[in-house]
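Good morning, and thank you for coming. Please turn to the sequence and the structure, which I shall now put on the screen.

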Amino acid sequence: MSRSSSFRLRAAVVAVAASACLLGGAAVAGAAPASPAGVAATASIAATESASFTAGGYGYTQSAAIANASDAAFAKADRAGWLRSQCYLRATDVKPSGGGFSVVAEVFCRR
């Protein structure tokens, strides 16, 4: 590999890492040093994926309403292919509503 192609490879890896960071994923990138002619150089890139799921619920107590909404949000994450261990309950918004409580729950997942 010539010096200019090695430089282009490193520039491409940096560009991919920068675009991954701009899209919200953390990226780590590295390029191998210039290798002899005829031997391909490899680059490895690791990125994280994240998603957020929201759902509503209702209950006669705050804890029942939160449990209903969070179960629905976790179910959405499960249907999207996320494991329960990759997700956590990030936020809830509880409001009194007609003798009970309505809740919007947000579940955040990362892998």
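I begin with the hairpin of S4 and S5: two residues lie between these strands, and Gly98 takes a positive phi near 50°. Strands here are DSSP runs of E with at least two residues, while helices are runs of H or I with at least four, both numbered from the N terminus.

A word on the source. This is a predicted model, in which local features need pLDDT of at least 70 and side-chain atom pairs count only at pLDDT 80 or more, whereas totals for chains, interfaces and linings use all residues. Residues are numbered from 1 along each chain as its sequence is written, and side-chain values use heavy atoms, with hydrogens and water left out.

Is Pro96 buried or exposed? Pro96 counts as exposed because its relative accessibility is 68%; the classes are buried under 20%, exposed over 50% and partly exposed in between, with a 1.4 Å probe and protein chains only. Pro96 belongs to strand S4, residues 87–97, and its C-alpha atom is separated by 9.5 Å from that of Thr61, 35 residues apart along the chain.

Next, the other partner of S5. Strand S3 (residues 50–59) runs antiparallel to S5 (residues 100–110), joined by 10 bridges, and Ser52 stands opposite Phe108 in S5. The result is an open sheet of three strands in the order S3-S5-S4, with S3 and S4 as the edge strands, each pairing on one side only.

Technical notes. Pairing = 2+ DSSP bridges.
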